[in-house]
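Please look over the sequence and the structure shown below before reading on.

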Amino acid sequence: MKAAIVLDETLPAGLLANAAACIATGIFNGETEPMGAQIEGADCTFISITRIGIPILRKGHKDFQELLTRARANNLKTMVFTYEAQSTNNYEEYTERVKGRKLDELKVIGIGVIGEDKAVTKFAGDLPLLR
């Protein structure tokens with residue numbers, strides 16, 4: 001299993017970090033295979049994290065709709081993150097902003113994918129790393 005996150009690299013660093021964190025929580029929601037076990041330390045408990053790397057990529061000249069079409073063609077689980085989500089800290093407000101709307105009516109700022117290794121590589125192979 002492999003995962004990747006693709007972001008709009010024009011966002012400021014703080015918003016990029018927030019988007020990556022939110023997308024990671026979405027793509028790993030309900031997944032058990034890529035998750036490690038909780039670890040008991042001497043004076044604290046380390047909660048489980050992923051056992052797989054998560055490259056953070058730039059969309060570059062690609063369009064998010066094109067990338068979503070590519071992800072679906074490769075049978076990948078996708079998570080879409082929008083400006084409408086990032087610009088509020090109230091989940092109910094976010095829900096109202098996106099409920100019943102088409103994706104092309106929203107401002108996509110990042111997507112996450114998870115799936116079979118070859119499919120994720122095929123999806124993300126030509127996308128540059130975010131540095």
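Which residues of helix α5 (residues 117–124) are buried? In this predicted model, the buried residues of α5 are Ala119, Val120, Phe123 and Ala124. They lie on the same side of the helix, because the arc that they cover around the axis is only 115°. Residues three or four places apart in an α-helix point the same way, since there are 3.6 residues a turn. The face of α5 that is turned away from this buried side carries Lys118 and Lys122, which are exposed.

## What covers the helix

The elements that cover the buried residues of α5 include the strands β1 (2–7), β4 (56–58) and β6 (108–115), together with the helix α2 (64–73). Of these, β1 is itself mostly covered, with five of its six residues buried. β1 pairs with β6 in the antiparallel sense over six bridges, and Ala3 has Ile114 as its bridge partner in β6. β1 and β4, by contrast, run parallel and are joined by three bridges, with Leu7 standing opposite Arg58 in β4.

Asn74 counts as buried because its relative accessibility is 14%, where the cut-off for buried is under 20%.

## Salt bridges

How many salt bridges does a search of the whole structure find? The search finds three. In one of them, the side chains of Lys62 and Asp126 meet at 3.2 Å, N to O. Lys62 lies in the loop between β4 and α2, and Asp126 in the segment after α5, so this pair ties together parts that are 64 residues apart in sequence. Lys62 counts as buried at 11% relative accessibility, whereas Asp126 is partly exposed, with a relative accessible area of 45%.

Asp126 also forms a salt bridge with Arg70, where the closest N and O atoms are 2.7 Å apart. This pair links distant parts of the chain, as Arg70 is in helix α2 and Asp126 in the segment after α5, 56 residues apart. Another salt bridge is formed by Glu93 and Arg97, whose closest N and O atoms are 2.6 Å apart. These two residues are separated by about one helical turn, because they are four residues apart in helix α4 (residues 91–98). Through salt bridges that share partners, Lys62, Arg70 and Asp126 are joined into one network.

Terms used: Residues are numbered from 1 along each chain as its sequence is written. This is a predicted model: local features need pLDDT of at least 70, side-chain atom pairs count only at pLDDT 80 or more; totals for chains, interfaces and linings use all residues. Side-chain values use heavy atoms; hydrogens and water are left out. Buried means under 20% relative accessible area, exposed over 50%, partly exposed in between (1.4 Å probe, protein chains only). The arc is that of the directions from the helix axis to the C-beta atoms. Contact means heavy atoms within 4.5 Å. Two strands pair if DSSP finds at least two bridges between them. A salt bridge is a side-chain nitrogen of Lys or Arg within 4 Å of a carboxyl oxygen of Asp or Glu.
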